[in-house]
Every structure is written in structure tokens, then in C-alpha cells.
Amino acid sequence: MSDLQVYGDISPRTAAKAMAPLLKRHTEKMILQKLGQAFVMPTKSTIVAKFRRYNALNLATTALVEGVTPSGQKPTITDYTATLEEFGDFIPYSGIMIDTHEDPILQEYGSLCVQQASETVETLIWNKVKAGTNVGYTNGGITTVNTPISLNAQRTATSALLRQRGQYITEIIGPSPNYSTYPVEAAFVGVCHSDVTNDVRNMEGFVPTSKYGANMKAWANEIGSVEDVRYVRSVLFTPFAGATGVYGGASTTMRNTASFADVYTVMYFSTDAFGHVPLKGSNALSLIAHNPGSSGSADPLNQRGTLGWKTMQTSVILNDNWLYRLHCAVTL
């Protein structure tokens, strides 16, 4: 067992009541969980999630012949499957806290568990989507890139999405437990580490969220927009430390590890680029409380309890051409 916390207690009934507001508070700031195509996995069914896309029909460029019925076209579909996996962790604690601790342990431990769960799923999705094959660099390649994000680099990314019929994101998943969506101003979405913030602000044509009009509400953690891209940041999207070559004097102006530039990833998304089972819903995440004494003979003196979480989730790229991975360096 992991290190036992000194104090703490929470009842299952209280845990259930606390789950919803805690989950909403933490997932409000999660990014990727809002952008993917949601798949609601029914209970008592399967652990394999299936996403289906109906492919566009070929253009009908041949003129019709009078009195002759054309052959028509049979629509084609593409299925993507992903197997749900289970993740979880817990905090062990001593039952002595029932009588002695002054802190709101319910809120603190519950908040820690939900934050860990949310960020775990966010990181799992990030690791999946950044493995896409549609990739570019602000200069050179992964071992030589040492320049920051630029308008030209962004335009290369958005042109690649548009060329493959990538569509602007017009709705995202809300922070409620019922998988509901709400409309947003149409745009591609650029997701990056918070270190990239200043370089995004320095891009030509940058519009801060404070200058958005009444019809464009800023998201949590949104930096602003450049042309048809809205940029959102998170500390979870970590760079590749020192991944590029030595670049001499530039080490004083670029973030680096031992004079090797750190390489950051900016992901550009169009709608339905990937699918996932979100970290929301009554069956998607469980906050599990075991009070001291609930373990029977394993806890004969009612000394130990645990508070933990468990979730089943998966994600899958639905179209490599509808997301774009840009590698760049970051100025200090």
C-alpha cells in the first residue's frame, strides 16, 4: 500500500453528494476532453467503443443521358474502434481524523482525487492525439527546430486542415455530467503549453480574449485568437526537453536544457479529428470511499480508510488529416 495519510474520513453518502461540483470545477479547465467527438458507452454492453464516419460521395461530373437512370452510388463508411481501459488511484488515511482534524478533509481529498483523475485523462488523450502523422516544424526538423511559432507556421497548419476538408469547431462538450454540448464561435483550435503564451501573443494579428465581441465567449485558459485559430493553453502539454541541436548564442533567448532547445508541440484541431469517452457522466468516473472498519477483518480495529477514484476511458484519432502537430521552440 502507498504511504498512509495521517488523518481523514469521508462517508460514501457524502462522497456521492460532493462528486458533481468537484468534477465540474476541475474539468472546466480541461481542454481536450471538450474537443473530441464524444461516444457515450452504455452500461452492461462492451468495452470496445466504435466511432463511424460516412465518407463523402464521389462528385457526379458526368452529364445525365435523357431517359437513362444513372447507376447511383453506395455510401461507404469507415469505422474506428478503441478499447476502454481502466485507470485509478487512491489516498489511504487514518481513522483518527474523525475526532481530531480541523481541515475540511472531504473537500481536500476529494478535490485532489478529481484533479488527478481529470489531468490523467487529459494527458492520456494528449499522448494519443500527438501521435498523429500530420506534422510540421517552424524550421528544420525535430532535431534542429529552434524558432518560435509564427503566423506563417500557423497558416501552413490551417491550410493543411482546409485542404483535407477539415471543418471549424462550432461546438464543444460542456462541464455537465450528461455529455451535452454548447455552441462556440467557429474556428480551428490550437492547443499548447503555457510557455508558448508570449509567442502566440507576439504573432501578427493576435486578438486577446479581452477584445472578443459579445458573441465570442472566452474559454477557460484561452489565450486569444489569430486569424481563424483560437489558442488554449495548459501546463499538462509538456515539451521535449533539449530535443534539438546545440544552437550557441541563441541559448540566451530560447528555452533550453543544457543549451539544447526545448521543443514544444502545438496541436491544431478541426471538428471530429478524434473521439473519446469523456471524463464526465455517472458511469465515467467513480469516487470511491471506504471508511475505517469497512474492510472487515483486514482492519480489525477500524483504523484505516481510503478515498480513491476509478475511470474507464479511451480515445482514438478519427482522421489524421483533421489534426496537425506543429513543433516549435519558445522564447524566454
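Select strands E4 (residues 85-94) and E16 (residues 304-313): they pair in the antiparallel sense over 10 bridges. Strands here are DSSP runs of E of at least two residues, numbered from the N terminus. Two strands pair if DSSP finds at least two bridges between them. This is a predicted model, in which local features need pLDDT of at least 70, side-chain atom pairs count only at pLDDT 80 or more, and totals for chains, interfaces and linings use all residues. Residues are numbered from 1 along each chain as its sequence is written, and side-chain values use heavy atoms, without hydrogens or water.

Now click Glu-86. Its bridge partner in E16 is Met-312.

Ala-289 stands opposite Leu-307 in E16.

Next, select E1, E14 and E17. These three strands form an open sheet in the order E1-E14-E17, with mixed pairing. E1 (37-38) and E17 (315-317) stand at the edges, each with a single partner strand, so one side of each has no neighbour in the sheet. E1 pairs with E14 (residues 274-276) in the parallel sense over two bridges. Look at Ala-38: its bridge partner in E14 is His-276.

Notes:
Helices (H or I, at least four residues) and strands (E, at least two) are DSSP runs, numbered from the N terminus.
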